[in-house]
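Subject: Structure for you, with notes

Hello,

Here is the structure I promised to pass on. Please open it first; my notes follow below.

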Amino acid sequence: MIFLSNSCAWFLRFDGFRGSRSLLLSSLQAGNRNAVACIRMHACSFSSSVELLETECDEYSNDVKTAEKDTALRLALSRLAGDFDRESMLSLPRFFLSRHAPVISTGSLKLDLALGIGGLPKGRMVEIYGQEASGKTTLALHIIKEAQKLGGYCAYLDVENAMNPSLAESMGINVDTLLISPPDSAENLLSMVHTLTKSGSMDVIVVDSVAALVPRRELDVVIGGTYQDLQSQLMAQALRKIHYSLCRSGTLIIFVNQIRSSLKSSHVFGRLDEVTCGGNALRFYAAVRLRIMRTGLLKTEDKVTGLGVCVQVVKNKLARATKKADLGIRFGRGICFESEVLELACEHGVIWKKGSKYIIEGEVFNTKEEAEQYMAANSEVLDRTVSFLRKHLFDWEI
């Protein structure tokens with residue numbers, strides 16, 4: 001005699017399997033020893049059918065929930081459109097108009113490659129900081145130069161009173177269309193930045209530098225007198241307003257900053273920690289932070305002709321950070337752009353290099369200096385090479 005478990009007996013009583021039940025009962029009456037195995041096999045088939053039915057019910061339930069959420073979202077958007085103006089209205093197409101953020105080149109292909117997006121993003125704040133005479137102002141001027149190539153308007157707020165128009169002109173900047181502001185109080189300069197940003201007419205605004213911004217109340221205090229640290233409070237207040245206007249503008253705001261050494265007790269005894277001026281607000285509002293360090297001198301026949309610098313991407317909200325780019329800066333000319341283009345073009349097969357010789361569009365040059373001079377003298381060849389490299393490196397062209 002074969003005894004059935006409770007699960008098998010329940011399976012036999014299930015109305016959905018009457019045909020199988022009669023088959024199994026006949027097997028039991030005939031004394032078939034495989035009846036229990038047959039029951040288990042049909043039970044597994046039954047459980048699989050139940051699971052499939054539950055999965056279909058879950059999918060139908062998810063579709064219903066998605067449709068309800070979509071209806072609720074559209075209702076909320078219609079309410080926002082009626083409660084607020086069009087500038088503050090939330091709309092889905094606004095966030096999907098472009099896959100790429102509009103950028104302005106830094107004037108260095110290596111630095112554009114380190115940034116990961118081909119340049120500095122428009123509509124954002126950028127902080128460039130480092131030690132003295134490390135090339136901060138030179139990099140800011142190159143960004144202005146690249147923006148002017150695209151037909152943009154730029155402003156340079158010379159807080160340090162160190163701007164040399166002839167040097168900027170030798171670097172290729174159109175000084176006639178560049179807005180230059182003399183030193184003034186911090187309140188006036190930051191209000192100027194806010195007004196220009198809110199107008200939406202400027203492409204690049206450079207503040208050089210944050211460390212030289214002096215509040216009006218500090219200017220009125222006698223030298224040697226006591227006063228509160230008003231600069232950080234003023235920067236925090238101004239950046240909130242500027243950031244609000246920046247969200248509706250395509251202006252790139254560059255803050256050039258200095259660093260100071262601070263001895264903190266929390267670190268190892270005697271260790272100096274580098275801090276930037278103007279408080280902590282700028283480092284939070286900045287979408288990109290670049291730190292410049294001097295690495296050496298550039299020499300030609302035992303004569304110093306420039307600086308070797310390293311630019312580190314300390315913070316980057318649009319791509320991967322912590323990347324570095326080694327640049328060369330020639331005195332009176334700026335970044336060694338032709339040298340970078342030649343190096344990257346040889347690396348990616350745009351220009352053929354055999355030994356110490358360079359072949360550029362059929363022209364053969366025996367040394368690197370000759371190849372750089374040829375590219376500097378032929379702007380069309382340089383532009384074609386740069387255009388090809390940008391399409392190859394960034395999949396798009398500025």
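Thr-197 is buried, because its relative accessible area is 0% and the cut-off for buried is under 20%. Remember that this is a predicted model. Thr-197 sits in helix α7, residues 186–199. Leaving aside residues up to four places away in sequence, Thr-197 touches Ile-205, Ile-242, Ser-245, Leu-246, Ser-249, Thr-251 and Ile-253.

Next, strand β3, residues 125–130. Six of its six residues are buried. In a regular strand, side chains alternate between the two faces of the sheet. Both faces of β3 are covered. Met-125, Glu-127 and Tyr-129 are buried on one side. Val-126, Ile-128 and Gly-130 are buried on the other. β3 also pairs with strand β9, residues 288–299. The pairing is parallel and runs over five bridges. Within it, Ile-128 has Leu-290 of β9 as its bridge partner.

Last, helix α13, residues 379–394. Its 16 residues, at 1.5 Å a residue, should span 22 Å. The buried residues of α13 are Val-381, Leu-382, Thr-385, Val-386, Ser-387, Leu-389, Arg-390, Leu-393 and Phe-394. Note that Arg-390 is on that list. What covers these buried residues includes α4 (109–115), α11 (337–347), β14 (357–360) and α12 (368–377). Just after α13 comes Asp-395, with a positive phi of about 65°.

Best wishes

Key. Residues are numbered from 1 along each chain as its sequence is written. This is a predicted model: local features need pLDDT of at least 70, side-chain atom pairs count only at pLDDT 80 or more; totals for chains, interfaces and linings use all residues. Side-chain values use heavy atoms; hydrogens and water are left out. Buried means under 20% relative accessible area, exposed over 50%, partly exposed in between (1.4 Å probe, protein chains only). Helices (H or I, at least four residues) and strands (E, at least two) are DSSP runs, numbered from the N terminus. Two strands pair if DSSP finds at least two bridges between them. Contact means heavy atoms within 4.5 Å. The expected span of a helix is 1.5 Å times one less than its number of residues.
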